[in-house]
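Reader: Hi, I have a structure open and I'm new to this. Can we go through it together?

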Amino acid sequence: MTIRRRFVQGVRTPPVSRSPIIGLGVRVYADVNRRQLLVRTGLGLAAAGVGGLEEIAAAPHVDVASGWDDVRSQFRVSRSLIHMGGLYLASHPGAVRRAIDRHRRGLDADPVGYLHRNGDRLEANVLRAAGSYLGARPVDVALTDSTTMGLGLLYGGLSLRPGDEIVTSTHDFYATHEALRLAAERGGATVRRAALYRDPARATEEEIVGNLARAIGPNTRVVALTWVHSSTGVMLPVRRMIQGLGRRVSLLVCLDGVHGLGVENETVESLGVDFLVAGCHKWLFGPRGTGLVWGRASAWPAVRPTIPAFSGGSPARDFTPGGFHSFEHRWALAEAFRLHGRIGKARVAARIHSLNRRLKDGLASMSHVTLLTPRSEALSAGIVVFSVDRLSPNAVVSALARRRIVATVTPYTPSHPRLAPGLLNTPGEVDRVLTAIRALR
Ligand SMILES: Cc1ncc(COP(=O)(O)O)c(C=O)c1O
């Protein structure tokens with residue numbers, strides 16, 4: 001509960017509104033069977049891999065050749081802010097905003113007709129764009145509303161038996177820990193939390209790989225990890241960790257990838273995991289309220305759906321929560337993948353790493369600052385966690401907010417100030433942040 005409250009309160013920004021916690025109304029279609037729903041909603045096809053890309057192709061071109069200013073100009077983030085909170089919630093880029101507007105106008109004018117005429121095609125666009133970004137088959141992708149929803153559905157859907165063990169780490173986010181706790185409780189399984197490193201700043205790949213391998217026992221069925229820890233900024237050497245486990249047929253490796261997606265130049269195959277769960281409304285700049293679960297074809301049968309699906313044709317489609325969604329947001333997600341595709345995943349990764357390197361180099365040179373995130377490029381991504389002598393995390397974040405710098409406090413114990421330089425930032429902004437932190441001595 002404490003963590004929940006602190007998570008919501010984690011951001012300190014200059015006067016902008018706080019996210020409301022919204023109560024969701026639930027409508028029950030008790031006497032409508034699934035087949036009727038599939039027909040009525042037009043969502044019944046295994047749509048992945050079919051349908052045109054007109055919607056995405058219609059998006060205006062981003063002239064990346066002329067530099068990062070063009071990318072920055074796609075966003076309406078206030079020019080008076082240095083926005084280093086993109087790990088938290090995305091601002092929508094122009095292409096996403098325009099797609100949302102287009103679909104909203106269509107739905108408002110004719111909700112049933114627009115959905116029936118376009119629903120399959122637009123969902124197929126999203127799945128194809130996601131598949132192309134992830135290096136995955138669209139039919140293996142399930143769309144969700146957030147990382148948290150994906151983690152809850154994935155871990156809650158595992159068939160666990162008494163005696164089975166799930167191994168996770170002490171560094172994971174609340175949503176993973178809580179989803180695992182609930183899943184283990186239901187199935188009579190146990191959860192073991194392993195510390196993968198002692199001091200994040202000095203963590204090594206060997207230490208992490210060895211600690212995970214040592215935590216696995218004969219009854220371990222599931223390994224639940226987070227690609228980039230929002231507690232420390234440590235990025236796990238996922239592939240090496242999996243190799244370190246040896247390939248055990250019965251072991252499922254699941255990854256909360258939300259802080260790697262939209263940052264790193266990886267595919268699901270290069271990562272080597274069985275399931276990748278992520279929200280798309282952070283680094284990826286997807287519409288708020290979008291996310292995905294990708295599963296390896298051979299791994300999907302290990303998970304049972306929880307929410308009745310309105311689609312079918314593959315295990316991922318069966319796992320995709322049905323019901324009507326905020327379709328204009330879901331369908332506009334294709335634009336976020338396309339934006340990253342046009343910029344190029346390698347360029348995105350290089351840019352984010354170079355901004356974070358600059359920030360870490362500057363912080364490491366300050367005697368009143370302790371850097372918690374590793375300097376190693378292989379063990380860090382877009383998140384920089386640090387502390388300032390004699391100042392609480394909230395005091396640091398508030399002091400930065402007074403200088404119009406958006407930082408967040410990590411929602412963990414112990415908590416720390418955190419900055420996330422991303423594509424909306426410039427090297428000059430990083431230098432201004434460093435000047436502000438230097439002044440906190
Ligand atoms: C590692 C990690 N996973 C999941 C989440 C929650 O993501 P979402 O808002 O998409 O549920 C967060 C924080 O927002 C996080 O830091």
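Reader: Where do the coordinates come from?

Author: This is a predicted model, where local features need pLDDT of at least 70 and side-chain atom pairs count only at pLDDT 80 or more, while totals for chains, interfaces and linings use all residues. Residues are numbered from 1 along each chain as its sequence is written, and side-chain values use heavy atoms, with hydrogens and water left out.

Reader: OK. What percentage of the residues count as buried?

Author: 58% of the 441 residues in the protein chain. Buried means under 20% relative accessible area, exposed means over 50%, and partly exposed is in between (1.4 Å probe, protein chains only).

Reader: How many helices and strands?

Author: The protein chain has 16 helices and 13 strands. Both are DSSP runs numbered from the N terminus: helices are H or I with at least four residues, strands are E with at least two.

Reader: Now the ligand. Which residues are closest to the ligand?

Author: Thr147, Thr148, Ser230, Asp256 and Lys282 are the closest. In total, 13 residues surround the ligand. To count, a residue needs a heavy atom within 4 Å of the molecule.

Reader: What classes are in the shell around the ligand?

Author: The shell has 3 nonpolar, 8 polar and 2 charged residues. Ala, Val, Leu, Ile, Met, Phe, Trp, Tyr, Cys and Pro count as nonpolar; Asp, Glu, Lys and Arg as charged; the others, Gly among them, as polar.

Reader: How much of the ligand does the protein bury?

Author: 92% of the 400 Å² that the ligand exposes when taken alone.

Reader: Switching topic. How many salt bridges are there in the whole structure?

Author: A search finds 17. A salt bridge here is a side-chain nitrogen of Lys or Arg within 4 Å of a carboxyl oxygen of Asp or Glu.

Reader: Why would such side chains pair at all?

Author: Side chains of opposite charge can pair when their charged atoms come close.

Reader: Is Glu335 buried or exposed?

Author: Buried, at 3% relative accessibility. Arg102 is partly exposed, at 30%.

Reader: What about Glu205 and Arg240?

Author: Their side chains meet in a salt bridge too, at 3.0 Å from N to O. Glu205 is in helix α9 (residues 205-215) and Arg240 in helix α10 (residues 238-245), 35 residues apart. Arg240 is partly exposed, at 35% relative accessible area.

Reader: Which residues of α9 are buried?

Author: Ile208, Val209, Gly210, Asn211, Leu212 and Ala215. These buried residues pack against β4, β5 (190-194), β6 (220-226) and α10.

Reader: And where is His171?

Author: His171 is in the loop between β4 (165-169) and α8 (174-187). His171 is buried, with a relative accessible area of 9%. Setting aside residues up to four places away in sequence, His171 touches Ala194, Ala195, Leu196, Tyr197, His229, Ser231 and Tyr412. Contact means heavy atoms within 4.5 Å.

Reader: Back to α13. What's Ala336 doing there?

Author: Ala336 lies in helix α13 and counts as buried, at 0% relative accessibility. Beyond its neighbours within four places in sequence, Ala336 is in contact with Val96, Leu284, Phe285 and Gly286. The C-alpha atoms of Ala336 and Pro287 are separated by 7.9 Å, though the two residues are 49 apart along the chain.

Key:
Areas by Shrake-Rupley, 256 points an atom, 1.4 Å probe, with all protein chains shown as cover.
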